[in-house]
Amino acid sequence: MKHPAEDQRNGKTAGFDGTTPLAREIAELTRRRQVIAAGDLPKPENTRVLTISNQKGGVGKTTTAVNLAAALARQGARVLVIDLDPQGNASTALGVEHRAETPSVYDVIINDMPMDEVVQKSPEFGALFCVPATIHLAGAEIELVSLVAREQRLRRALDLYLAEMVEPYDYVFIDCPPSLGLLTINAFVAAREVLIPIQCEYYALEGLSQLLKNIALIEKHLNPDLVVSTILLTMYDSRTNLATQVAKEVRDHFPDEVLNTAIPRSVRVSEAPSYGQSVVSYDLNSAGSLSYLEAAAEMAHRGAPRAENTSQTKEQH
């Protein structure tokens with residue numbers, strides 16, 4: 001597998017004129033890059049804490065967490081990613097150490113270790129940080145059962161960490177495992193917003209109603225501040241009628257939450273983690289990278305949902 005930088009160094013270009021599909025695609029990518037470069041992202045007044053969740057696996061949760069975080073950090077925001085998935089894929093993609101002996105989120109929620117002792121700086125960008133996950137997290141579900149305030153442990157640690165910071169984060173993303181266990185419940189309780197990535201395929205819609213019911217239960221009993229603020233369409237292929245239909249259905253049901261930007265299927269997005277990178281740093285000029293930069297900008301401009309909008313959204317759902 002060749003890193004895209006190699007092609008750039010080789011200076012290989014294909015001959016084409018301005019009327020070819022390739023030329024039009026390159027022109028469109030250039031236009032999108034210019035729009036992104038010209039815009040300054042507003043920073044939130046307070047730290048936005050978002051849980052990225054979907055009970056269905058393979059919809060792009062970790063990919064979304066990593067690349068939105070990298071896109072925001074590249075554009076000047078201070079971002080923390082909390083890897084709450086025992087597989088540790090977000091830690092891998094952000095290039096941080098997460099071997100078994102590494103202090104991790106497991107030590108925070110099980111052993112009451114202060115969060116500032118486990119946070120690592122990602123080599124991706126200067127303002128991007130990560131709380132890694134290790135293999136020990138696989139047994140945390142069982143260990144949490146007997147602990148006091150088992151659903152609140154991540155929130156207490158995160159709130160204490162954020163309260164003591166001199167230079168606060170603009171965004172905190174929590175990457176969840178694809179299940180509704182105690183780890184995911186901890187993530188929902190710690191967050192103020194939920195970001196749901198939805199794959200543009202039929203099966204992805206089936207579990208959405210159940211996920212929203214579970215979020216409503218968390219909001220009612222454990223975290224009254226929780227709201228579904230953002231829905232991101234992933235793995236979108238505009239060439240298929242099914243993807244277009246799924247996207248339309250989701251937008252019809254959630255007109256205020258769905259981002260205008262959809263993430264396309266992209267080889268570069270899939271390749272990036274094998275280099276321990278986000279696609280934003282792996283291949284900045286790819287369609288997948290530009291889409292995540294656009295989605296990040298859209299999130300930033302929308303801002304956190306206001307209190308009056310939050311109650312209306314819950315009534316609609």
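**A guided look at the predicted model**

Glu 271 lies in helix H12, which covers residues 267-271; helices (H or I, at least four residues) and strands (E, at least two) are DSSP runs, numbered from the N terminus. The model is a predicted one, in which local features need pLDDT of at least 70 and side-chain atom pairs count only at pLDDT 80 or more, while totals for chains, interfaces and linings use all residues. Residues are numbered from 1 along each chain as its sequence is written, and side-chain values use heavy atoms, with hydrogens and water left out. At 14% relative accessibility, Glu 271 counts as buried, where buried means under 20% relative accessible area, exposed over 50%, and partly exposed in between (1.4 Å probe, protein chains only). Glu 271 and Asp 283 are 12 residues apart in sequence, and their C-alpha atoms are 9.8 Å apart in space.

Of its 317 residues, 51% are buried. Among contacts (heavy atoms within 4.5 Å) in the protein chain with a separation of 6 or more, 79% are between residues 24 or more positions apart.

In helix H8, 9 of the 9 residues are buried, so H8 is largely enclosed by the rest of the structure. The buried residues of H8 include Leu 182, Ile 185, Asn 186, Phe 188 and Val 189.

Helix H10 has another pattern to show. The buried residues in H10 are Leu 208, Leu 211, Leu 212, Asn 214, Ile 215 and Ile 218. Seen down the axis of H10, these buried residues fall within an arc of 160°, so they line one face of the helix; the arc is that of the directions from the helix axis to the C-beta atoms. An α-helix has 3.6 residues a turn, so residues three or four places apart point the same way. Lys 213, Lys 220 and His 221 are exposed on the other side of H10. The buried residues of H10 pack against helix H8 (182-190), strand E6 (193-199), helix H9 (202-206) and strand E7 (227-236). The length of H10 can be checked as well: at 1.5 Å a residue, its 14 residues (208-221) should span 20 Å, and its end C-alpha atoms are 20 Å apart, which agrees. The expected span of a helix is 1.5 Å times one less than its number of residues.

Helix H14 is mostly covered, with 12 of its 16 residues buried. Among them are Leu 290, Tyr 292, Leu 293, Glu 298 and Met 299. Gly 303 follows H14 and has a positive phi, near 75°.

Arg 153 lies in helix H7 (residues 153-163) and counts as buried at 14% relative accessibility. Leaving aside neighbours within four places in sequence, Arg 153 is in contact with Ile 109, Ile 110, Asp 112, Leu 144, Leu 147, Val 148 and Asn 186. The C-alpha atoms of Arg 153 and Ile 110 are separated by 8.1 Å, although these residues are 43 residues apart along the chain.

One of those partners, Asp 112, lies in the loop between helix H5 (105-111) and strand E3 (120-121). Asp 112 is exposed, with a relative accessible area of 55%, and its phi is positive, near 60°. Most residues other than glycine have a negative phi. Met 235 also has a positive phi, of about 50°, although it is not a glycine. Met 235 lies in strand E7 and counts as partly exposed at 25% relative accessibility.

His 136 lies in the loop between strand E4 (128-131) and helix H6 (140-144). With a relative accessible area of 40%, His 136 is partly exposed. Not counting residues up to four places away in sequence, His 136 touches Ala 100 and Tyr 106. His 136 and Glu 101 are 35 residues apart in sequence and 9.1 Å apart in space, C-alpha to C-alpha.
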